[in-house]
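Here is a brief report on one model. Please look it over before reading on.

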Amino acid sequence: MTGRDPIEQLVSLLARLPGVGPKTATRLAFHLITAPPEYPRALAEALVTLVDRVRPCGLCGNFTVEERCRICGDPRRDPGLICVVSRVQDLLAIERAGGFGGRYHVLHGLLSALDGIGPEDLRIAELL
């Protein structure tokens, strides 16, 4: 990507985000260009921190900066009650709804023969 126009490069990268097409990517790029320099720098730092520090929880697969996520580390949670979800976003939706006092197991995907995703591609072994 070196040698490319930085605006084109930014638009191209933003357009790869889910739900962001070329028009939205261009709008976002120009928003960043015209924003106070502190904002794009903070965004860049947040992305670097995300890559460097965030990882799956060693127990459930939720994203965390610690070895165990806050849910697995909560002693009030019932370890005998497990909700299996396909994505971390599903875990977050259940948490927002409230009322579930157990723990989670995130598969990080769904079985899909058409996409070539089999049981070995998911976190099924860790669940068992």
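Where is the place of Asn62? Asn62 lies in the loop between strand 1 (55-56) and strand 2 (63-64).

## Basis

This is a predicted model: local features need pLDDT of at least 70, side-chain atom pairs count only at pLDDT 80 or more, and totals for chains, interfaces and linings use all residues. Residues are numbered from 1 along each chain as its sequence is written, and side-chain values use heavy atoms, with hydrogens and water left out.

Helices (H or I, at least four residues) and strands (E, at least two) are DSSP runs, numbered from the N terminus.

## Asn62 and Val106

Asn62 is buried, at 7% relative accessible area. Buried means under 20%, exposed over 50%, partly exposed in between (1.4 Å probe, protein chains only). Leaving out residues up to four places away in sequence, Asn62 touches Val106, Val88 and Leu91, among others. Contact means heavy atoms within 4.5 Å.

Val106 belongs to strand 4 (residues 102-106). Val106 is buried, with a relative accessible area of 0%. Beyond four places in sequence, the residues it touches include Cys60, Gly61, Asn62, Val85 and Arg123.

## Helix 1 and helix 2

Helix 1 (residues 6-15) packs on helix 2 (residues 22-34) at about 130°, with axes 8 Å apart. Axes are lines fitted to C-alpha atoms, for helices over the stretch in contact, and angles run from 0 to 180 degrees between N-to-C directions. That makes helix 1 oblique to helix 2. Angles under 35 degrees count as roughly parallel, over 145 as roughly antiparallel, 65 to 115 as roughly perpendicular and the rest as oblique.

Among the contact residues are Ile7 and Leu10 of helix 1, and Phe30 and Ile33 of helix 2.
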